[in-house]
Amino acid sequence: MKENQETLFTSAKQIFDNAYAPYSNFNVAVSLLGCNKKVYSGVNVENSSYPEGICAEAAAIGKMISDGCRKIEEILILADTKNPTTPCGGCRQRLMEFSATSTPVYLCNLEELLKITNMGDLLPGAFDLKTIK
Ligand code: THU
């Protein structure tokens, strides 16, 4: 793994067990590299009222925005799976809000980097008010 990938991976692994996922038993951790070179990591936070749960992506984005950073340079998603865990449709749109189509997305399990993709490939034709108005 490259240095940035390693940094994001380590940060996601550190908080992975903090995920609150008693309903799905599916922990996810997401790390974002902001344009200020800081790392923002979050985990999924489920709720007894299922639709009120939030994804790890939303948790990480909330931290980044709260810290005053508005541009994502790299994204890492980590789950304990054999095959890569890709973000849900809603989270693709959430991530795209602060990304470029070229923004790399690293999909990992607890051991290794499984796949590298980017936001444009994950969400072609993203809804973007700036380009349609
Ligand atoms: N989940 C995430 O937090 N991020 C993803 O990229 C995929 C899914 C969460 C939502 C829910 O808490 C659990 O994983 C199972 O869907």
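Predicted model: local features only at pLDDT ≥ 70, side-chain atom pairs only at ≥ 80, totals over all residues.
**Entry 1: terms and model**

I count a residue as buried under 20% relative accessible area, as exposed over 50%, and as partly exposed in between, with a 1.4 Å probe and protein chains only. I take helices (H or I, at least four residues) and strands (E, at least two) as DSSP runs, numbered from the N terminus. Residues are numbered from 1 along each chain as its sequence is written, and side-chain values use heavy atoms, with hydrogens and water left out.

**Entry 2: helix α2**

I looked up which residues of α2 are buried. They are Ala56, Glu57, Ala59, Ala60, Ile61 and Met64. I then asked what covers the buried residues of α2. The cover, judged by contact (heavy atoms within 4.5 Å), includes β1 (28-34), β2, β3 (72-79) and α3. An α-helix has 3.6 residues a turn, so residues three or four places apart point the same way. After α2 comes Gly68, and its phi is positive, near 90 degrees.

**Entry 3: surroundings of the ligand**

A polar side-chain atom of Asn44 is 3.0 Å from an oxygen atom of the ligand. For Glu46, a side-chain N or O atom lies 2.5 Å from a ligand oxygen atom. For Glu57, the distance from a side-chain N or O atom to an oxygen atom of the ligand is 2.5 Å. Of the 380 Å² of accessible area that the ligand has on its own, the protein covers 77%; I note that such areas come from the Shrake-Rupley method with a 1.4 Å probe, and that for residues only the protein chains shown count as cover.

**Entry 4: Asn44**

I found Asn44 in the loop between β2 (39-43) and α2 (56-66). Is Asn44 buried or exposed? Asn44 counts as buried because its relative accessibility is 6%. Its side chain also reaches the backbone oxygen of Phe26 at 2.9 Å. Beyond neighbours within four places in sequence, Asn44 is in contact with residues including Tyr20, Val28, Ile54 and Cys55.

**Entry 5: Ser99**

I located Ser99 in the loop between α3 (89-96) and β4 (104-108). Ser99 is buried, because its relative accessibility is 8%. A polar side-chain atom of Ser99 lies 2.7 Å from the backbone oxygen of Leu95. Neighbours within four places in sequence aside, Ser99 is in contact with Lys71, Ile72, Ile75 and Met119.

**Entry 6: cysteines**

I asked how many disulfides (cysteine sulfur atoms within 2.5 Å) the structure holds. There are 0. Cys88 is in no disulfide, and the nearest cysteine sulfur, that of Cys91, is 3.7 Å away. Cys88 is partly exposed at 37% relative accessibility, whereas Cys91 is buried at 0%.

Conventions
Polar contact = N/O pair within 3.5 Å; in protein donor to acceptor, adjacent residues only side chain to side chain.
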